[in-house]
Amino acid sequence: KSHFQFARYCDVLLEKRLVAVGLAMSSEGLSDLDKRTHVLKSDESCQKYLNFAIREYFMALEKGAKHMYQAMPRLLTLWFEFTAIPVEKEEEKSTRSSRGAKAVAYGKRADNNKAGYKTDEDELLEAAQKQLKDVVQKKSKKLPGYVIYIALPQLIALSASHPNTETRKLIGDMLAMVTSEHPHQAMWSLAWLLQSNDEKRRDVAKAALKGATNKLKLNKKMPQEHVAKTVLVLKESERLFKHLKQLADLPVKEQKRHVTFKTWESRSGVKLTDFLPPIQAALSVNVARIMSAEERDRSTKGIAGDIFPLYVPRMQKFSSRVDVMPSKAK
């Protein structure tokens, strides 16, 4: 609790500092968002508070899951916002130059280690962003998968659109890690990405599934039969998602009360019952179970707990007849 409270305290200091410095700035036609970005980029105290807040949120999560629904989304928000600030560099001129001019330019770059950046602030910003990335990368590996699982919508939302390349790469690593630890639950969060019209989003989902598959194959603690089965389920999930999308896009003629549709056929020994249904009862983390004394004792002994509901309804088969609701027919 002390780590979480200190993180909150640093968070409050950060927000108050952003407001105070932003008010002191001349208007210059800048919006409140532009002012906030400028202060985060240039003010050393703001960067210090942000760094402390993220570190302490991680420490709180390492100690327990009590504050995970407050700490995890907030630290991701801070990380995403700070690494989204662009680092401005001097544009390299593509014009041809003489050998002497090139030598002079090279000599200037050698004498000035700040060459390439528009301002000193940009150089310091890039260093701070890389340092924060290392912190997030190192700390996130120490967290249980279910802590990151609760933030999947937040991660997926920026997995292909965040402006920072290193941040996008680390988001992809997190998605692969969570999917490898909780494949049956996490795959449904990746389903809409796989069927997206945006190629970049589809690539993110495919990379996450491939990364999760590789991690599962390297897992020596899990029985190999279970690993092989899970890998097949992940592979067949793409076919299942495609089938469900085709069903949703099925054209319905007017006055039709039902239509027929080809049912999903299992392959590679994977049955429909091997998939969890995409319902809240099956995909929600059991917080009471995580917080129990029994689970904490199991965690200290390295025993994986049952953090998701044990008994949920399973899908047996799809009917080839689809009833159409008049109010929903298009």
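Reply: Of the 330 residues of the chain, 38% count as buried (under 20% relative accessible area; exposed is over 50% and partly exposed lies in between, with a 1.4 Å probe and protein chains only). The model is predicted, so local features need pLDDT of at least 70 and side-chain atom pairs count only at pLDDT 80 or more, whereas totals for chains, interfaces and linings use all residues. Residues are numbered from 1 along each chain as its sequence is written, and side-chain values use heavy atoms, with hydrogens and water left out.

The chain has 15 helices and two strands (DSSP runs numbered from the N terminus: H or I of at least four residues for helices, E of at least two for strands). Across the whole structure, 16 salt bridges are found (a side-chain nitrogen of Lys or Arg within 4 Å of a carboxyl oxygen of Asp or Glu).

One of them joins the side chains of E81 and R36, at 2.5 Å from N to O. Because E81 belongs to helix α4 (residues 68-83) and R36 to helix α2 (residues 32-42), this pair ties together parts 45 residues apart in sequence. E81 is partly exposed at 23% relative accessibility, and R36 is partly exposed at 22%.

Helix α2 also supplies K41, whose partner E88 lies in the loop between α4 and α5 (99-111), 47 residues away. K41 counts as buried, with 14% relative accessibility, while E88 is partly exposed at 36%.

Elsewhere, K229 and D274 meet through their side chains at 3.2 Å, N to O. Here K229 is in helix α12 and D274 in the loop between β1 (258-260) and α13, again linking distant parts of the chain, 45 residues apart. K229 is partly exposed, at 32% relative accessibility; D274 counts as buried, at 19%.

Shared partners also connect salt bridges: D11, E15, R36, R74 and E81 form one network.

E56, in helix α3, is buried yet has no salt bridge, and the nearest side chain of opposite charge, R55, is 7.6 Å away (Lys and Arg count as positive, Asp and Glu as negative; His and the chain ends are not counted). The E56 side chain does make a polar contact with that of H3, at 2.7 Å (a pair of N or O atoms within 3.5 Å; within protein, one must be able to donate a hydrogen and the other to accept it, and residues adjacent in sequence count only if both atoms are side-chain atoms).
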